[in-house]
Structures are given as C-alpha cells and as structure tokens.
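Please look through the sequence and the model shown here before reading on.

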Amino acid sequence: MRLLVHILLGLVIQAKEPKCSLLGQAELPEYEKDGDFVIGGIFSFRTEQDRIVDTFINMPDRRQCKNFNFREFKFAHTVIFAIEEINRNPDILPGISLGYKIYDDCGTMDILRAAMNLINGQQRTENCTKPDAIQAIIGHSGSTPTIGFARVIGQFQIPVISHFATCPCLSNRKEFPSFFRTIPSDYYQSRALAQLVKHFGWTWVGAISNANDYGINGMAGFMRAAKEEGVCIEYNEAFEITGPKHELLRIVDVIQNSTSKVIVTFMSHREIKVLVAELHRQNISGLQWVGSEAWLTDDSLTDSEGHTVLIGSIGFTVSKAQIPGLGPFLQSLHPSKYPNSLFLRDFWESVFDCSLNPPMENDARKQCNGSEHLKNVKNQFTDVSELRFINNVYKAVYAVAHALHNIHTCQPGKGPFINGTCAIPTQIQLWQVLHYLQSVNFAMPDGEQMFFDSNGDSPARYELINLRNIRKGTTDFDIIGRYDGFLPKDQQFRMTNINIKWGGGHKEVPVSVCSESCPPGTRKAVQKGRPVCCYNCVPCPPDTADCMQCLGEYWSNKRGDACIPKEIEYLSYHEVMGILLAWFASLGALFTLMTAIIFYFHRETPIVRANNSELSFLLLFSLTLCFLCSLTFIGRPSEWSCMLRHTAFGITFVLCISCVLGKTIVVLMAFRATLPGSNVMKWFGPLQQRLSVLGFTLIQVLICVLWLTISPPFPYRNMNLYQEKIILECELGSAVGFWAVLGYIGILAVMCFILAFLARKLPDNFNEAKCITFSMLIFCAVWISFIPAYVSSPGKLTVAVEIFAILASSSGLLFCIFLPKCYIILLKPDLNTKKHVIGKTSSDIRY
C-alpha cells in the first residue's frame, strides 16, 4: 500500500528558545481519494551562536491514508533541503535560523483546518514557551484546494505561495489579495497551447479537462485563444476521477466517434491515467495528445494500463533547473533521521520491499537489515535529472527567505513605509511581510531571476517537450521548443530543430482538420450549423473575395488554380485597329501634301489665289499636323506622349480652324468690298489675317501651358475597368484643362460655321463659303458625337474614338474645302480663270 503525504508550509519568526521538537498529530478524517498538494509551515529562531534547526514532519496515522505519493514526499524534503541551505548561507538572514512545520491533511476537505492551525498557533512545541507566529504559508499543489483556503487566508493578509496551482482565477487580486505562485498562470499556458496547435496546422481538435477549477478555467482560456488563432474545438468534455463510471465511458465514446485526431488536455496525472486505461481497454488508438504541465512529466504515468499510447505526446512544462546538492541530500534520507515518521517508514518499506518491524504472520516481506541505502536505488524520489516543479518549491522557500531578509536589513529612513520607516524585526506585521514579498526581486543560485508581477504571478516561461518513452518509474522526453509570455507575440513561441516523435504511430505530422484545404480554383463554403473550420469547396468565381486574391497585376487562369500576369492592353501599332488608324492618318497626311503640291504648282491661277492663298497653304500645313498628331495616340503611353498627344491635338486644330475662320472672314469682307464706297478690305488685309490666326492660336497655347503646369496628363494603369486586363491609358490630369481645350476648339468651329453659313449665297460662281459651311457642319457633327462616344468607350476604344474624330474632322475639312478646287485645277482647267471665278461680278477683285 502506498501512502500520500500532503504538506502545509508556513513561515514563523520567534525568539530563540531552548531546543524544541515539533510534536503533535493532526486529528484528520479517513482519506478517501488520491491527491497531490503541499501545505505546511516554516518558523525561524533568532540565534546568538550556532544556527539551530529542528525538523519533524507532522503526519496523521498511516491508516488514515490509502496511497503514498512520491512526488509530494519529494516536495516536502526539497523544502527541508532549501531551509538547511539557507541556514548555512551567511548572506541570507544572518543570525536567523529557519525551521518549519509540515502538515499532511490526507484529504482536500481538511486543507483549511491545517491552514487555520498554523494561523492560530494552536499547535505548541515541546519545551517551548511561546506560540508560533505564522508569517507565510507555502502550498498547495492543486488549484481547487488552494482557492478554498487562500480566499480565507487572504483576509488575514498572510502570504500564500503555491508552486503548482495554475488556475488563472488565482490572479484576481480582489479575491486573493495575498496569493503568490512560483509557477506561471494557465493564462499563458492556454495561449501557448493555442499557438502550438496552430503551428502544426491542427484546426480541428478535441478538448478534455478536469471538472474542477484548474481544468475548467484552463480549458476556457485555451478555447478563447484557439478561437483567436482560427482553431475549432470539436468537443469539450470534463470529468473527475471520483465521478461516476458512465461519465468516463461517455467521454471515451465521444473520442471514438470523433473525427479529430488531436486531443488537448487540461487535467492531472490521475485523470489522464484513468482515461488512457479505458481507451486501451476499448482498443482506441491513433491519437496525438497535447498535454498540460500537470501530467506530462509525471513519472507515475507508468502506473496506468495502456500508458504507451501517451508516447509521442507534446506540451508545455516549466523550465527545468539544476539544484546542486539536492540529489545527495535525498539519497541521505534514512528512517533513523525521523524515527517517528510513519510516512518515511512506509516509504522505506515500499522502496526496499522489506519491513522495519518484525514481519507479521501474513507478511511475506523480509525484515530490513539496516544496509539499505537510497543511493543504491533509482526511483522517482531520488531522480534529480529533471527538476521542474521541484524547482518551484525551491524558489518559493527562497522567495520567503529574501522577503524576510529585506525586512531585517531595512535601514531606518530608507524603508518602504510612512516617512521611510522599517518594520520592527521582533514585531513584524503580516501586511509588512506581504508588502516585501510583492516587491521581492532576486537571482536564484543558478542565475534565474525571480520576482512577482502585480497579480502575484511569476514569469511565464515554458519548455515545449516531446514524450519519447515511458519506462518503469521514469519518463523520457526531448525539449523541442520554448515559450516566453513576456516577449512580443510573434517572438513568444520558438521551435528547435529536434525531430519530433509523433503519437498514434504517425511518422509525420498528424493531420487533424475538419475539412481538407480547398484546392486552387475553389473557395470555402461554410457548412450550415457547423464551426467555420468545416466547409465545402466550391468553384471560385473570379470576383469572389473568399478565394485567394491574386496580386493587382495578376489574374487567375482558366482553371482558377494559378495566378498569371494580366493582359496589358493599349492601342498598339501591332494590332489591326492600330495599323488601320495609322494607315488612314498617314494617307490623310499624304493627300494633304499632294494637295499642297498641286496648289504650289498652280499658285498663280485664280482659283488658288482666291481668298488669300497664304491662308490656304497654312491651312494645308495645319491639316497635315492634325493627321500626324493622331499617330501620337497610338503606342504605349508614356509621360511625354500623354502630354504631347493632347496639346498637339488642341493647338493644331485651333490653328486649322483659325485658318478656316480667316478664310471665311475674307469671303465676307471681299463681298462687302464690291459694294460702292466700301473700304473694308483695308481693315482685314493679309497682315490682319495673319495676326488673327496667330492670336486665336496663342489663346489655345496659353490654355495648354496652364493645363500642363497645373495638372498635366500622365500614364495610368487602369486595373478597375477589367479584372483580367490592365488598360494602359493617359489620365487627363485636369479634366477642366481637357474640356477647356475641346471647348475652345468648339467655339471657334461654331463661329466659323455661322459666318460661312451667312456667306453661302454670295453671288460668286465659286463661293468658298459654301464649302466651308459644309466642312464645318461635318466638323461639328463629328465632335458632338465624339463626346458621348468618348465617355462611354472602354479601354483602348476610347483612344480609337478620339483618333477617329481627329481623322474624320480633318478629312472633312480637307475634302470639302480643297477637293472642288483640285477638281477644277486638274480636270477643268478651262474654269480656272478670273472671269469664271468672278462670274457676273464685274468689279476687279485683288486675289
């Protein structure tokens, strides 16, 4: 039979008295279940000579406890070792020797009774005249028992330091104003586990916990963190080892019928052993376990049937440490040191399988011969290769010692209290100890920095371990990563390069998802009534935000499984439309040059000299530029081409219309000059005609200069018009400037049309005003229809519409004004006479 030892540690300060031994037994009820928690007391003596430390473990009758817990027994002796080490250290509490009271409560319900005994100082020591004055309590190992007595103890402002109670609820300073712990809160472990699960791509997991404060609060924290990481929980179950059998069977049935292959657990070693034993009996395997620190490193896992299914488990645990001297100290333990300790007696008999008392009739064991020694055996108690939670106990004792040391070394005037006062060493108040413990900050012998935050929590640092083997009495694991909750989130979790041994017989990272990742070209469609991790994969429309978006300059291929560069579209010389428009522009410029050549060789004929031949040649020159400027609209837009195409177009067309306007005015003035007494031609002679053309053109130049100065056109990659194309176009810059250029051309065209319309019925046989009227009619019709076509045309068609308008209007001017004259010059030379041009008009007109 194994015995379970539970310890209560408390800290006491009292003056030196004659040597005392701690006697007395706690009257506690029958223990009914397993447990692992520590609660006990420390006291100290002010010494003038050698340090005195007397120890005795107060324990109830052996028959009151059913099982013996090696881990808790080891915790108790670690406290003793730490106290003796501090007492030997002249740098900590000089002149003060620490002692201790260690209580076994043998049951969770009696933890408060043991704590109250320490507070009240009811247990007196033999040959001692003063009651013990408790200053701090170290314990308990479990969260639920700690919550029970820490809430009460906090009302007395007595510090309570736990080495194993991880429930986040204990960080609530309003409920637990005097609670501290040397183990990180599960608030951090929950987030670390969520990041771990996300790291391996496990978005569909099961969750099982203890049905107590530790399990429920820890799992609630994990589920919140998992939701933030995009992890879904298939099921969340909780049970206790003392619960009904059918609850355990129901949970096993849930695991068997689930689709998730990863189980995250927040439970103690007792529950996990019961659970895996039942899974083994029902032949359920292939699971990857993610464990909490409460069971992952517990050497008692070998006690359970089917414990091999836990091989490959991963999870976080507190960092391991080295405590020099602890191993030899534990090995030196012998019943002769504590002859009245029934726990030590049972421990010794269990380890060596012998009896310290003469064997009973039904006892097959031999009698111990005194040669037994712990250095000759290797078990959980003497193993100091992996000191994790043991180190938490060690740190708790040192935290109390340093707090008391700071109290005793306080210098008057520099103290933390009112007016710099210090605590009186012989009259230390509980709230003063609490204050010093809150502000303690020291380095452990191994260099680790120890302190508490405002909630009484210690630094949250974990090691990620992989359980590689479970042998008799020991567990073997590798450190595969680390977590530091005080670092930025993206730096908290780090993996090492050590190969991981996976659970469930998997050779590679197990897959645990509700739905497989959607292949390229499909998107997620959430299944109704199920978590977001469960979805169907449906074809992915090109414009669906749920699908993976290609970068701005890329587009999905026809299968929707890859991003390919978008087609770049602009009016190019290499496409049919660009070639045709360039050909027509060149042809128009060629016809204009041919017309100019014809006019040049017949420049002395009456029909050429009519209406100022100088304006005719200038008009032909401007028309050539109009045809050629359309070529600047073809090709890849650039910064210079965008500015040139619009300004060249605006200026050449104004030059062209100004020439036409000048010719129209000449026709009107010439007719008035034939009237008797009219001298109007001297007011609009060749010089005035040139100046009018120059003036009208300079106005357009000024508009273009302002446009280019304020907000010029620029090349623009339009990715909004088509999702599968990038349209290279010239953005107008200032829309006002663009429409001002067009508007000015329109005003001149309308003026020209009105004047030509008025002069269309003048009596000359060859009245040029008729041709100008018709050409302006075509010009205005083209550009009026251009506006809606330009605004509504998409992509490169916008440029094509603009080029077409330029070519159409230019061709209308060329053919309407000059084709009739070329016809007369080339085919009807007999009509190219002064008499025929003048017709019935007998007045001599100067051409």
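In what order do the three strands of the open sheet stand, and what is their pairing? This is a predicted model, in which local features need pLDDT of at least 70 and side-chain atom pairs count only at pLDDT 80 or more, while totals for chains, interfaces and linings use all residues. Residues are numbered from 1 along each chain as its sequence is written, and side-chain values use heavy atoms, with hydrogens and water left out.

The order is β24-β26-β25, and the pairing is mixed (strands are DSSP runs of E with at least two residues, helices runs of H or I with at least four, numbered from the N terminus; two strands pair if DSSP finds at least two bridges between them). β24 (567-569) and β25 (714-718) are the edge strands, each of which pairs on one side only, and from one strand to the next the twist averages 25°. β24 and β26 (residues 725-731) run parallel and are joined by three bridges, with Ile568 standing opposite Ile726 in β26.

Turning to the helices, α1 (residues 70-88) packs against α11 (residues 389-408) at an angle of about 40°, and their axes lie 9 Å apart (axes are lines fitted to C-alpha atoms, for helices over the stretch in contact, and angles run from 0 to 180 degrees between N-to-C directions). The residues of α1 in contact, meaning heavy atoms within 4.5 Å, include Phe75, Val79 and Ile83, and those of α11 include Ile390, Val393 and Val397. By class, the contact of α1 with α11 has 13 nonpolar, one polar and two charged residues (Ala, Val, Leu, Ile, Met, Phe, Trp, Tyr, Cys and Pro count as nonpolar, Asp, Glu, Lys and Arg as charged, and the others, Gly among them, as polar).
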